[in-house]
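Try each task before reading its solution.

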Amino acid sequence: MDIKNFLDFHEKVLPDFDKFLTEKLTKEIKQPKLREAMLYSLNSGGKRVRPVLMLAVIYSCGVKLEDLKDYYDIAGAIELIHTYSLIHDDLPEMDNDDYRRGKLTSHKKFGTGSAVLAGDGLLTQAFYWIAKSSLDASKRMAAVRILSHNAGPMGMVAGQMTDISGKKLNEEELTELHQHKTADLLVAAITIGAFCADHELSSNLVEYAQKVGLAFQLKDDLDDSDDGEDVDKNTFPNLIGKSATEEKLRNLVKDALNAVLKEERFDKNLMVSFLDYFK
Ligand code: GRG
């Protein structure tokens with residue numbers, strides 16, 4: 001495998017993948033206001049962590065860089081779902097945020113009705129992209145199954161419902177909330193990548209994905225706690241304190257590393273170097 005570092009891989013695939021996302025959505029969505037609102041959030045500076053992780057797993061299984069295009073529809077679908085979740089999360093009746101990634105949130109720019117519809121459009125279009133992908137039916141079915149399971153009411157949507165319920169959570173409940181709200185979509189990206197590359201999914205890769213998913217939320221909460229985020233929110237820094245959360249994060253990263261190092265027939269370099277994100 002030529003590329004050994006996740007950041008180098010990210011830099012290599014991102015321009016082409018970004019171009020694919022914009023061109024595909026621009027061509028498909030005819031309603032001008034809807035197209036503008038969907039593209040606005042899709043192209044507002046997200047890191048594309050989930051689709052690039054999916055492509056990195058495929059590359060780590062031995063698929064050549066020039067063949068990764070075959071998997072863009074499915075990687076793109078994951079980014080569409082992530083984008084929808086952020087638009088809806090920012091709504092006045094959810095987190096009520098005016099800015100995301102330094103830009104106005106969708107409802108602030110286009111109004112609440114348009115933001116809800118932009119999210120609805122992104123969510124539905126994701127499954128259209130998977131259905132129309134050129135991959136075998138078995139891979140498309142696996143992607144639909146994993147993504148609907150992890151992003152829907154058995155996964156991310158359930159986590160979001162617990163989050164907006166406003167109940168004060170204990171450590172176990174908070175872990176479950178984060179597993180659904182944040183980790184499930186990252187787990188989907190990694191496991192769909194393995195399925196698409198015909199890699200036999202082992203408990204090691206699943207464990208790596210689950211630990212990384214939870215670590216992602218803890219890092220986000222630690223970054224927000226530095227910015228003086230709401231002390232009443234259900235977060236680990238609020239529940240157990242900042243230094244205990246930092247220790248929890250370090251342990252999750254260590255566990256993720258140990259899990260992926262046990263993975264067989266798989267180039268581990270990209271998944272190991274992805275863990276630098278948490279440093
Ligand atoms: C509305 C059903 C529904 C779900 C929303 C994802 C989510 C659930 C809410 C977002 C809350 C949040 C900020 C959680 C922290 C972890 C996280 C998902 C951060 C954002 O992901 P990044 O860092 O975002 O990948 P970018 O901006 O890079 O795309």
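**Exercise 1.** In this predicted model, find the residues that Thr83 touches, leaving aside its neighbours within four places in sequence.

*Solution.* Start by placing the residue: Thr83 sits in helix α4. Next, look for its partners beyond those sequence neighbours, which are Ser41, Leu42 and Leu122. Finally, check the accessibility: Thr83 counts as buried because its relative accessibility is 2%, and the cut-off for buried is under 20%.

**Exercise 2.** Work out how the buried residues of α6 are arranged around the helix axis.

*Solution.* Begin with the helix itself. α6 covers residues 112–132, 21 residues in total, and spans 30 Å from its first C-alpha to its last, close to the 30 Å expected. Then list the buried residues: Ala115, Ala118, Gly119, Gly121, Leu122, Gln125, Ala126, Trp129 and Ile130. Viewed down the axis of α6, these buried residues fall within an arc of 160°, so they line one face of the helix. Now turn to the face pointing away from that buried side, where you will find the exposed residues Leu117, Thr124 and Lys132. To finish, identify the cover: the buried residues of α6 are covered by elements including α1, α2, α4, α5 and α7.

**Exercise 3.** Describe the surroundings of the ligand, and say which helix gives the most residues to the shell around it.

*Solution.* First, count the shell: 18 residues surround the ligand, and the closest are Lys47, Arg50, His82, Arg101 and Asp220. Second, look at polar atoms. A polar side-chain atom of Lys47 is 2.5 Å from a ligand oxygen. For Arg50, a side-chain N or O atom lies 2.7 Å from an oxygen atom of the ligand, and His82 places a polar side-chain atom 2.7 Å from a ligand oxygen. Last, assign the shell to helices. α4, α8, α9 and α10 each supply at least two residues, and α4 gives the most, with six.

**Exercise 4.** Decide what stands out about the phi angles of Asn96 and Arg265.

*Solution.* Recall first that most residues other than glycine have a negative phi. Asn96 has a positive phi of about 55°; Asn96 lies in the loop between α4 and β1 and is partly exposed at 46% relative accessibility. Arg265 also has a positive phi, near 50°. Its place is the loop between α12 and α13, and Arg265 is exposed, with a relative accessible area of 65%.

Technical notes. Residues are numbered from 1 along each chain as its sequence is written. This is a predicted model: local features need pLDDT of at least 70, side-chain atom pairs count only at pLDDT 80 or more; totals for chains, interfaces and linings use all residues. Side-chain values use heavy atoms; hydrogens and water are left out. Helices (H or I, at least four residues) and strands (E, at least two) are DSSP runs, numbered from the N terminus. The expected span of a helix is 1.5 Å times one less than its number of residues. Buried means under 20% relative accessible area, exposed over 50%, partly exposed in between (1.4 Å probe, protein chains only). The arc is that of the directions from the helix axis to the C-beta atoms. Contact means heavy atoms within 4.5 Å. A residue is near a molecule or strand if one of its heavy atoms lies within 4 Å of it. A polar contact is a pair of N or O atoms within 3.5 Å; within protein, one must be able to donate a hydrogen and the other to accept it, and residues adjacent in sequence count only if both atoms are side-chain atoms.
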